[in-house]
Amino acid sequence: MGVKNRTWTGIPLVAGIAEGLIVASDEPLSLWGGLDPETGSVIDRRHSLVGIRVSGAVLSLPFGRGSCSASGVLLEAIHQNTAPAAFIVSEIDPIIGLGAILGDELLDRVVPVILMRDEDRRSIPAGIRVRIERDGLVKAV
Amino acid sequence: MLAGEAGEAPRLAMSILSRVAPLYRAASLIEVSRAHVDGCIYEGEAGLAFAERLAAAGGKVRVPTSLNVVSLDRARWSQLGQDATFADRARRLGEAYLAMGAKPSFTCAPYQTDESPAFGEQIAWSESNAVAFANSVIGARTNRYGDYLDISCAITGRAPAAGLHLSENRRGTHWFQIHGVSESLEERADFYPVLGYLLGSLCPSGIPVVDGLQRNPSDDDLKSLCAAAATSGAIALLHLVGVTPEASTLTEAFGGHVKPAARTISLAELQRTRRSLTTSSTYSLDVVAFGSPHSSLAECRELAALTRGRSAATGIQVFVTTSAAVRAIADRVGILAELERFGATVTADTCIAVAPLVKSGARVLMTNSAKYAHYGPGLIGVESVFGSTEECIESAVAGKVVVDSGAWE
């Protein structure tokens, strides 16, 4: 059974439209020291996604952790076109949300951030392509 | 402010603040009496453009505002071999924040300066270790304010009325009891970063309450504990029963509410955590670093005492990272000269995680800081070895990793 057209419902913390492949982890990630804005790759050696390029992907994480500089890293990644296309998180994460709001306010580029119940978020298979709608709907395409 | 009547800088700052406030579940804003800004770390062109845009628009901070580290040693960048183009951008970023009226503190340990807040004070602080220390050790009130919300709070003098600003959100959520740890282990300075790193991984988004400590940690112990907890997790507040100001008793730490079930922290778990901070598997060594968070004068004095009459092995880079204020006092009292005689480079304003100071080709960094050890592989491009201050000094002298963790095993 394919997942095409399957949908998941989330709440947009930062609303926008995006499409990309799901890259998922059950470990929180600090973008500072975790994401290289030059390459868009995960560089935290202690993280399961290390070495994976997340540019243009829909990054599914429980939440961000660690440094306050993470929002600045996300803004740089958006500026350099290396950022994920969107985030799906299971806890309200002001630092990732802030980075996305900064991208919108300062660069006029929206990276949606969707809040979703953890069990729903974890049920989205890694590697599938999804489209994110402004109302927070995530749809396999 | 949002309508732009106060000018473009307050409009932009208020626009960012009012869009982020709902993410903190805030229905309104509160006034804050001071700010600490982390956005002065150079992350790239977009952050520099933002700061220069605010400064060019005449943006001014409305409350006393301290600045975190910048990505250069402002007086010594050239002799430290920093690239001139990078140093220029890093300097411009710091200047933009100074032009907005922020103070040139340039430290990640603002709580050990005159900018430290008072108990109960509502503040808007950034820099995860400073947030954890201000909330936990001082009892000031702030959420974790990320880059560039920090300057937005400073310019507006406001923060979201939510989270740790409110009493009801400051009580503990998880209960940890330390068992089977000797008092002699607790006397070691390297006990605290290990405990903090474990707490952050066990309780990454909660408010841990720790009881069972047998002695009163020093300010520097609490500094390394908070920094480690805010590195492995997103901890912004923790309570140590009988130590921190909102936890004189276990009941107070939980705000009079029902306690959750206690989770034991064992010696074995602490030992595993300590080992996990080391990623290198060889004895080879290139760099030894102290000072994340920035070394206090007391820590510099201890390093001077441990290094007296000795010198680091040829080819080993030794860094002590601190603030210009502490470096100046260390200079006056002769500590700086002692550290330099040992072979240490004592930097001001910055640290090795935000400025490329480690020599290229370096493969292994040894440190007494859980934060440096954690970020070494990702941000500095080195394998890490975590050790006590004494082990770090012995290793610097020997030119290879020397381990003496008798008290731990």
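A: For a helix pair, the axes are lines fitted to C-alpha atoms over the stretch in contact, and the angle between the N-to-C directions runs from 0 to 180 degrees. The model is a predicted one. In chain B, helix α7 (residues 191-202) packs with helix α10 (residues 267-276) at an angle of about 95°, and their axes are 9 Å apart. Because angles of 65 to 115 degrees count as roughly perpendicular, α7(B) is roughly perpendicular to α10(B). From α7(B), the residues Val194(B), Leu195(B), Tyr197(B) and Leu198(B) take part, and they meet Glu269(B), Leu270(B), Thr273(B) and Arg274(B) of α10(B). By class, the residues of this contact comprise five nonpolar, one polar and two charged.

Of the 409 residues in chain B, 56% are buried. When contacts in chain B between residues at least 6 apart in sequence are considered, 78% join residues at least 24 apart.

Some backbone details in the loops of chain B also deserve attention. Most residues other than glycine have a negative phi, and most peptide bonds are trans. A cis peptide bond, with omega about -10°, joins Asp147(B) and Tyr148(B), and Tyr148(B) lies in the loop between α4 (128-138) and α5 (149-156). Another cis peptide bond, with omega about -5°, joins Ser292(B) and Pro293(B), where Pro293(B) belongs to the loop between β10 (287-290) and α11 (297-307). Glu127(B), in the loop between β4 (124-125) and α4 of chain B, has a positive phi near 80°, and it counts as buried because it has 32 C-beta neighbours inside 10 Å. Asp349(B), in the loop between β12 (344-347) and β13 (364-367), has a positive phi near 75° and is buried, with 30 other C-beta atoms within 10 Å.

Finally, chain B has a partner: 35 of its residues are in contact with 32 residues of chain A. On chain B, the elements that give two or more residues to this side are α1 (8-20), α2 (45-56), α8 (219-232) and α14 (370-380), and the residues of that side divide into 16 nonpolar, 12 polar and seven charged.

Technical notes: Residues numbered from 1 in each chain as written. Chains lettered and ligands numbered in written order. Predicted model: local features only at pLDDT ≥ 70, side-chain atom pairs only at ≥ 80, totals over all residues. Contact = placed C-beta atoms within 7 Å. Helix = DSSP H or I, 4+ residues; strand = E, 2+ residues; numbered from the N terminus. Nonpolar A, V, L, I, M, F, W, Y, C, P; charged D, E, K, R; others polar. Buried ≥ 20, exposed ≤ 12 C-beta atoms within 10 Å, placed from the backbone. Parallel < 35°, antiparallel > 145°, perpendicular 65-115°, else oblique.
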